[in-house]
Amino acid sequence: MKNKFEMVSNEELRLLYEEGKAYVISGNLKTALEKLNKCIEICDEHMSKFFYGESSNGQIEYIYYDILAKAYNAIGVVYKKEEMVITAMTNFVNCIMTLDSYENLSLRAKVYNNMGYIYMEISDYKSAYESFKRAQMLDEGSGYEYMDGIVLVNVAMALYGLGEYEQAFDCCKKMFEVCIDDVLFRSHSSAYAVVALVFEKMGHPKEAEKYYKKAKNQVKAVKDKFQGEMAIIYILEYLKSVGKYEESMSFIESEIVQDVLNSTFSYSKKHIFDIAIEVCTKSKNASKRVEYLNRYRENSKKALISFKDNELSGIKAKTVISKLRHNNENLKVLSETDAMTGLANKGKLNRYLEEAVNKAKEQKLILAIAIIDIDKFKQFNDIYGHLTGDKCIKSVANILNEIAESCNGLAARFGGDEFFLVVERYGNVLMESLCEKLRKSISELGKPGMPMEGIEVSVSIGTYVAVPESYENFMDYIRKADVELYKEKEQKKQAI
């Protein structure tokens, strides 16, 4: 009997995902969820066939990881719109865990950004800052190719929520410096509005008003839908903070804001409705308050899930915040751990290494990094099979973890058969000794009574040890260690 998903080709699967994404954008959320959940079922089915030895080619194709991660993210966006923050966050975490199995740093950055928005909505600015900062770190590491530097505005808004006004201003200033003209055209308005908020809090009303006017004048020109909505919210927050309720009401009634409130799909419609209702209350405009309350209720009825069934219905915001914070540590551990080996994953490595490089620069400390690669691992899998290959990866990971613990370092799996070791205060001699110990322990895995008995296992290692220069970042460390790894592999090839 054929499986119900057996005849779905890669192209059909990709088309199914694109259809689901299109329905999200158009606002047909029910159909979007049907399409996206079907994508997840198909991917899960193919992965199950691999894990139970039924895969025809003996490997999981890249497309299944790719579509699975993207579908989880899109579903998270749907539930975020519906204010179902726990369900949305669960899908975003599932996406992050899937991304641990293949490299898509651009999507990872966007997912962390989405998680940051959820925390912002419930006023958990610390968690929002951490999520946005992860997204920004990935974006910066790519030369601002993933998100064009726009995430810096979100980092600034989280810092504003934390009361770190000068840092928030610096983030906006940095965005003006790193973003190309077209990107600035899309996002200047939201950045100007954040700067206005910051100056107002820092006691510079004239500067605040100047940037507010810049934000308002440019908001109509913002091409990016999401950034346009963010700009509207930040402008309204500024007007609210300075008590300009009549001007707030005038802006809410403007065509650009009404277009958002009347749109089928909006990232921020509820937030804008909340501000509108609050402004009406503050300005004692009873008729408009009733109007916006009715429109909000009507909007809720049209939603995918009715307001009375909504995840937040009957739950106070503080309860939701408490629940998210309670689960956040567990979610953080899951999102930072490689599922196969239990080591730190690529995301955790990047964050740890960035912090370690910055610390070493400030304190003039030696920082050492090693990239470890299992030799001829593709051939290993071809000869012994993927199950034995997985056993080999786990065995190498166990040894690496023991060594990392002995020197208070970090052991991470970068992906596939590639691992990292990061150690502070270890010079060249100590690091070389550590690597030789690692090579020797791994070479003994094939001895009688050992996990890989009868099978030869060896690794190549590239290291970089230095007190980082002021211009160096964590990506420089990775690149330089990778060069040394390549040299060792070439030497082995020439020796054969």
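**Close-up views of a predicted model**

View 1. In H14, the residues Lys 269, Ile 272, Phe 273, Ile 275, Ala 276, Ile 277, Val 279 and Cys 280 are buried (buried is under 20% relative accessible area, exposed over 50% and partly exposed in between, with a 1.4 Å probe and protein chains only). The model is predicted, so local features need pLDDT of at least 70 and side-chain atom pairs count only at pLDDT 80 or more, while totals for chains, interfaces and linings use all residues. Residues are numbered from 1 along each chain as its sequence is written, and side-chain values use heavy atoms, with hydrogens and water left out. H14 covers residues 269-282, 14 residues in all, and its first and last C-alpha atoms are 20 Å apart, close to the 20 Å expected at 1.5 Å a residue (the expected span is 1.5 Å times one less than the number of residues). Lys 284 follows H14 and has a positive phi, near 60°.

**View 2. The whole chain, for orientation.** The protein chain has 21 helices and four strands (DSSP runs, H or I of at least four residues for helices and E of at least two for strands, numbered from the N terminus). Of its 496 residues, 51% are buried. Among contacts with a separation of 6 or more, 65% are between residues 24 or more positions apart (contact means heavy atoms within 4.5 Å).

**View 3. The crossing of helices H6 and H17.** The axes of H6 (residues 125-141) and H17 (residues 346-363) come within 11 Å and cross at roughly 85° (axes are lines fitted to C-alpha atoms, for helices over the stretch in contact, with angles from 0 to 180 degrees between N-to-C directions). The two helices, H6 and H17, are therefore roughly perpendicular (65 to 115 degrees; under 35 is roughly parallel, over 145 roughly antiparallel and the rest oblique). Arg 134, Met 137 and Leu 138 of H6 make the contact with Asn 350, Arg 351 and Glu 354 of H17. The buried residues of H6 include Ser 127, Phe 132, Arg 134, Met 137, Leu 138 and Asp 139. H6 has 17 residues, which should span 24 Å at 1.5 Å a residue, and its end C-alpha atoms are 24 Å apart, in agreement.

**View 4. Aromatic rings.** The structure holds 11 aromatic pairs (rings of Phe, Tyr and Trp, the last by its six-membered ring, with centres within 6.5 Å; planes under 30 degrees apart are stacked, over 60 edge-to-face and the rest tilted). Phe 380 and Tyr 384 form a tilted pair, 4.9 Å centre to centre with 50° between the planes. Both Phe 380 and Tyr 384 lie in helix H18 (residues 377-384), four residues apart, about one turn of the helix. An α-helix has 3.6 residues a turn, so residues three or four places apart point the same way. Phe 380 is buried, at 7% relative accessible area, whereas Tyr 384 is partly exposed, at 37%. Elsewhere, ring pairs link Phe 169, Tyr 192, Phe 199 and Tyr 211 into a cluster. The charged end of Lys 214 sits over the ring of Tyr 211, 5.0 Å from its centre (NZ of Lys or CZ of Arg within 6 Å of the ring centre and within 35 degrees of the ring normal).

View 5. Glu 418 is in strand E3 (residues 418-424). Glu 418 is buried, with a relative accessible area of 18%. Apart from neighbours within four places in sequence, Glu 418 is in contact with Ile 371, Ile 372, Asp 373, Arg 413, Asp 482 and Leu 485. Asp 66 is in helix H3 (residues 62-81) and is buried at 2% relative accessible area. Not counting residues up to four places away in sequence, Asp 66 touches Arg 14, Tyr 102 and Asn 104.

View 6. Arg 425 is in the loop between E3 and H20, and Tyr 426 is found in the loop between E3 and helix H20 (428-443). Arg 425 is exposed, with a relative accessible area of 53%, but Tyr 426 counts as buried at 19%. The C-alpha atoms of Tyr 426 and Ala 368 are separated by 6.1 Å, with the residues 58 apart along the chain. Most residues other than glycine have a negative phi. Arg 425, which is not a glycine, has a positive phi near 65°. Asn 408, also not a glycine, has a positive phi of about 55°. Asn 408 lies in the loop between helix H19 (386-406) and strand E2 (410-415) and is exposed, at 68% relative accessible area.
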